[in-house]
Amino acid sequence: FATVTAERPSLSWELIVTDNNSTDDTAEIAKAAGAKVIFEPVNQIARARNAGASEATGDWFLFIDADSQLHIDSIREMLSAIDSAQVGAGGCLVRMDDAPQWGKLGIGIWNTLSRTLNWAAGSFVFCRADAFREVGGFDEEYYAAEELYFSQAVKKWCKERKLRFVVLRRQPHASSSRKFRIYSNAEILRLMRNVFFSYGKTVKSPKALDFFYDGRR
């Protein structure tokens, strides 16, 4: 951000961190770095993102996961899309550098779907603030895949206004691969099976999504 601000003196930004019951020093580190920290007591990804957005004052929102690594080239490409005045929202391709080979294969499949279907990965979602508010933010009915439903809603919003939803491709966003180290292959395969056979029920149940909600870090 600092580099982009230096290159674009007119650009102003704010950094908001949602503390969703963290058990480490996340809040203190964020405050020390100048971020505004808010607390969301209910463990849910959609609620955490919505809570952060409720405090934001900018014209555009960028949602990223705290355990991912933001690249300056992704910011530049996003700002170029914003400056075009033809884009209302979007996402970014992702990568996981330390994931096992089968995990990287899964990311490759995801990126193909992201490019083809214009879906934003949850670790990098950007949109106009009015788009976010008018579609109702992330749907809190879902405990996973909320970014897919948000992508669908905001794509419709963009289409009605003759704007585009884009997936940035120049620099894939670095998401954390720690889940592959924390969870066994059997646990990951069980989650995939549950999603495949009972998708609608699974994504609405935190109990079925221990991969995200059992507290392992």
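## Salt bridges

In this predicted model, glutamate 55 is partly exposed, with a relative accessible area of 32%. The side chain of glutamate 55 forms a salt bridge with that of lysine 36, at 3.0 Å from N to O. Lysine 36 belongs to strand β2 (residues 36-39), whereas glutamate 55 sits in the loop between α3 (45-54) and β3 (60-64), so the pair ties together parts that are 19 residues apart in sequence. Lysine 36 also counts as partly exposed, at 41% relative accessibility. A search of the whole structure finds 15 salt bridges.

Arginine 49 and aspartate 65 supply another of these pairs, their side chains meeting at 3.2 Å, N to O. Arginine 49 is buried, with a relative accessible area of 10%, while aspartate 65, at 27%, counts as partly exposed. Salt bridges that share partners join Glu40, Arg47 and Glu140 into one network. Glutamate 40 counts as buried at 9% relative accessibility, and arginine 47 as partly exposed at 28%.

## Helix α5

Helix α5 comprises 17 residues (101-117) and reaches 24 Å from its first C-alpha to its last, close to the 24 Å expected at 1.5 Å a residue. Its buried residues are Gly103, Ile107, Trp110, Asn111 and Ser114. Viewed down the axis of α5, these buried residues fall within an arc of 105°, so they line one face of the helix. They pack against β4 (87-95), α7 (146-160), β6 (164-174) and α8 (178-182).

On the other side of α5, Gln101, Leu105 and Thr116 are exposed. The relative accessibility of leucine 105 is 54%. Together with Ile109, Leu113 and Leu117, Leu105 forms a nonpolar patch on the surface, with about 340 Å² of accessible area. Asparagine 118, which follows α5, has a positive phi, near 55°.

The 15 residues of α7 should span 21 Å at 1.5 Å a residue, and the end C-alpha atoms are 22 Å apart, which agrees. Buried residues in α7 include Glu146, Glu147, Lys155, Trp157 and Cys158. Lysine 162, which follows α7, has a positive phi, near 60°.

Helix α9 (residues 185-197) has 13 residues and reaches 18 Å between its first and last C-alpha atoms, close to the 18 Å expected at 1.5 Å a residue. Glu187, Ile188 and Leu191 are the buried residues of α9. They cover an arc of only 100° around the axis, which puts them on the same side of α9. Their cover includes α5, α8 and α11 (210-213). The face of α9 turned away from this buried side carries the exposed residues Ala186, Phe196 and Phe197.

## Two further buried residues

Glutamine 171 lies in strand β6 and is buried, with a relative accessible area of 16%. Leaving aside residues up to four places away in sequence, glutamine 171 touches His71, Asp73, Ser74, Glu77, Cys92 and Arg95.

Isoleucine 82 is found in helix α4 (residues 72-83) and is likewise buried, with a relative accessible area of 17%. The C-alpha atoms of isoleucine 82 and arginine 128 are separated by 8.9 Å, although the two residues are 46 residues apart along the chain.

Notes: Residues are numbered from 1 along each chain as its sequence is written. This is a predicted model: local features need pLDDT of at least 70, side-chain atom pairs count only at pLDDT 80 or more; totals for chains, interfaces and linings use all residues. Side-chain values use heavy atoms; hydrogens and water are left out. Helices (H or I, at least four residues) and strands (E, at least two) are DSSP runs, numbered from the N terminus. The expected span of a helix is 1.5 Å times one less than its number of residues. Buried means under 20% relative accessible area, exposed over 50%, partly exposed in between (1.4 Å probe, protein chains only). The arc is that of the directions from the helix axis to the C-beta atoms. Contact means heavy atoms within 4.5 Å. Patches are made of residues with over 30% relative accessible area and no salt bridge: like charges are joined within 9 Å, nonpolar side chains (Val, Leu, Ile, Met, Phe, Trp, Tyr) within 5 Å. Accessible areas come from the Shrake-Rupley method with a 1.4 Å probe; for residues, only the protein chains shown count as cover. A salt bridge is a side-chain nitrogen of Lys or Arg within 4 Å of a carboxyl oxygen of Asp or Glu.
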